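This briefing walks through a single protein chain, topic by topic, for a reader who has the sequence and the coordinates open. Please keep the structure in view while reading the points below.

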Amino acid sequence: MALTIVVLSPGGAGNSPGGAGREGELSLTLDAPRIILGRAEGCEVRLPDTSVSPRHASIRQRGATYLLLDEGSENGTFLGKTRIAPRTAMPLRTGDRIRIGRVWLALRIEPAVPKASPTAAAKELALELVARGLAAQGEDPTPRVVVVDGPDRGRALHVEAPGRPYFVGRAQDADLTLDDPDVSRRHVAITRRGDQFSVQDLGSRSGASLDGVPVPQFDTIWRPGQVLAISADRLVFEHPAAEALAEIERSPCEPLPADAAVELPSAEEPSAPSSSPTSTPTPSPASASTLSPLARPAAAAPRVAQGGGWGFTEALIALLALGVLALSIAGLMWLLGRG
């Protein structure tokens with residue numbers, strides 16, 4: 001059984017991604033013996049919020065059971081509204097809500113197959129969370145290539161779809177059209193994968209270069225800060241969400257007040273587990289060490305259905321018990337009186 005983690009709240013605006021503006025469930029489906037939740041790069045679930053510790057909590061798989069542990073975090077890990085003790089394993093089940101710092105997550109244990117590399121999926125989730133936060137604050141989070149100098153200065157290309165090549169050239173159907181007559185109809189292709197850009201020369205007449213080094217006719221990493229020269233035009237790329245994510249990950253952990261109330265956001269229940277073993281929720285395209293032998297799984301808290309008061313049977317039993325008690329007291333007093 002795989003574990004699907006759905007982000008219900010991305011945290012407070014300003015310090016972390018938050019708010020609305022971009023629709024769609026943000027989730028990750030993972031099937032691994034250990035899943036680290038935290039703010040640092042390398043976590044299987046990256047939550048870009050300053051209230052989340054770099055390695056905040058973990059979920060361990062033991063057979064068909066998933067266990068939640070706090071990894072000594074600054075602000076604690078909550079199962080529902082109950083804070084769990086550090087290094088104490090708490091069993092999880094479908095429908096549980098957990099809170100990591102300010103961020104609420106919902107869990108689904110279901111037959112599903114992860115469709116992407118865990119590392120790539122974790123990065124895309126973090127970038128999308130940050131992008132939604134920037135959009136909520138009125139900023140454009142879209143990755144883009146901008147002409148910063150040359151005859152086509154000011155033109156820009158939004159590189160929204162990861163993995164898709166975007167064509168730059170003089171052709172009118174190019175994704176970014178340049179008017180310089182020395183530019184070929186299809187001069188270069190630019191591709192984004194996560195927060196990384198690459199560029200490829202398409203056999204152009206005049207070629208292209210990155211900081212003076214010729215671009216070959218195969219995918220070449222375009223590093224942050226490098227200038228892409230195409231004839232007389234100079235281009236750079238901008239990735240606002242990646243820049244904000246790096247800043248959040250570098251920031252110190254923000255301690256929350258002990259009495260801080262972080263309410264569960266109003267949201268629809270996570271959808272029921274799919275009957276198809278290959279169906280996996282897809283994020284919107286626009287959300288440790290070995291278990292110590294001392295940290296034995298704690299007994300699951302009983303989940304008692306709340307009743308609506310005593311019924312007739314319960315009341316009758318209570319009256320009979322009171323009657324027996326009254327007769328016992330009367331008999332005792334009679335014996336004492338005879339003595």
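The model contains 3 aromatic pairs, and it should be kept in mind throughout that this is a predicted model. The chain is built from 3 helices and 22 strands, and of its 339 residues 43% count as buried.

**Aromatic pairs and cluster**

- The 3 aromatic pairs in the structure include the one between Phe 197 and Trp 222, whose ring centres are 6.4 Å apart and whose planes meet at 85°, so this pair is edge-to-face.
- This pair links distant parts of the chain, with Phe 197 in strand 17 (residues 196–201) and Trp 222 in strand 20 (residues 220–222), 25 residues apart, and both Phe 197 and Trp 222 are buried.
- Trp 222 also forms an edge-to-face aromatic pair with Phe 237, at 5.3 Å centre to centre and with 85° between the planes.
- Because Trp 222 belongs to strand 20 while Phe 237 belongs to strand 22 (residues 233–238), this second pair ties together parts of the chain that are 15 residues apart in sequence; both Trp 222 and Phe 237 are buried.
- Taken together, Phe 197, Trp 222 and Phe 237 make up one aromatic cluster.

**Arginines over aromatic rings**

- Arg 164 places its charged end over the ring of Tyr 166, at 4.0 Å from the ring centre.
- Likewise, the charged end of Arg 186 sits over the ring of Phe 167, also 4.0 Å from the centre of that ring.

- Strands 17 and 20, which carry Phe 197 and Trp 222, belong to an open sheet of 5 strands in the order 15-14-16-17-20, with mixed pairing.
- Strand 15 (176–177) and strand 20 stand at the edges of this sheet with a single partner strand each, and therefore one side of each is left without a neighbour in the sheet.
- Within the sheet, strand 16 (residues 188–193) and strand 17 run antiparallel and are joined by 6 bridges; Val 188 stands opposite Asp 201 in strand 17.

**Strand 10 and its partners**

- From strand 10 (residues 97–100), Arg 97 and Arg 99 point one way whereas Ile 98 and Ile 100 point the other way, and all of these residues are buried.
- Strand 7 (residues 77–79) runs antiparallel to strand 10 and is joined to it by 3 bridges, with Ile 100 in strand 10 as the bridge partner of Thr 77.
- Strand 10 also pairs in the antiparallel sense with strand 11 (residues 103–110), over 4 bridges, and here the bridge partner of Ile 100 is Val 103.
- Strands 10 and 11 form a hairpin with 2 residues between them, and Gly 101 in the turn has a positive phi of about 65°.

**Ser 51**

- Ser 51 lies in the loop between strand 4 and strand 5 (57–62), and because its relative accessibility is 0%, Ser 51 counts as buried.
- The side chains of Ser 51 and Asp 49 are joined by a polar contact of 2.7 Å, and a polar atom of the Ser 51 side chain lies 2.9 Å from the backbone nitrogen of Arg 102.
- When residues up to four places away in sequence are not counted, Ser 51 touches His 56, Asn 75, Gly 101, Arg 102, Cys 253, Glu 254 and Leu 256.

**Asp 152**

- Asp 152 is found in the loop between strand 12 and strand 13 (156–158), and with a relative accessibility of 2% it counts as buried.
- Although Asp 152 and Asp 180 are 28 residues apart in sequence, their C-alpha atoms are 7.5 Å apart in space.
- The side chain of Asp 152 reaches the backbone nitrogen of Asp 179 at 3.0 Å.
- Leaving aside neighbours within four places in sequence, Asp 152 is in contact with Val 147, Leu 178, Asp 179, Asp 180 and Asp 233.

**Helix 2**

- Pro 240, Ala 241, Ala 242, Ala 244, Leu 245 and Ile 248 are buried in helix 2 (residues 240–250).
- The elements that cover the buried residues of helix 2 include strand 4 (45–46), helix 1 (118–136), strand 12 (144–149) and strand 22.

How values were computed: Residues numbered from 1 in each chain as written. Predicted model: local features only at pLDDT ≥ 70, side-chain atom pairs only at ≥ 80, totals over all residues. Heavy atoms only, no water. Phe/Tyr/Trp six-rings, centres within 6.5 Å; stacked < 30°, edge-to-face > 60°. Buried < 20%, exposed > 50% of the residue type's maximum accessible area, 1.4 Å probe, protein only. Lys NZ or Arg CZ within 6 Å of the ring centre and 35° of its normal. Contact = heavy atoms within 4.5 Å. Pairing = 2+ DSSP bridges. Polar contact = N/O pair within 3.5 Å; in protein donor to acceptor, adjacent residues only side chain to side chain.
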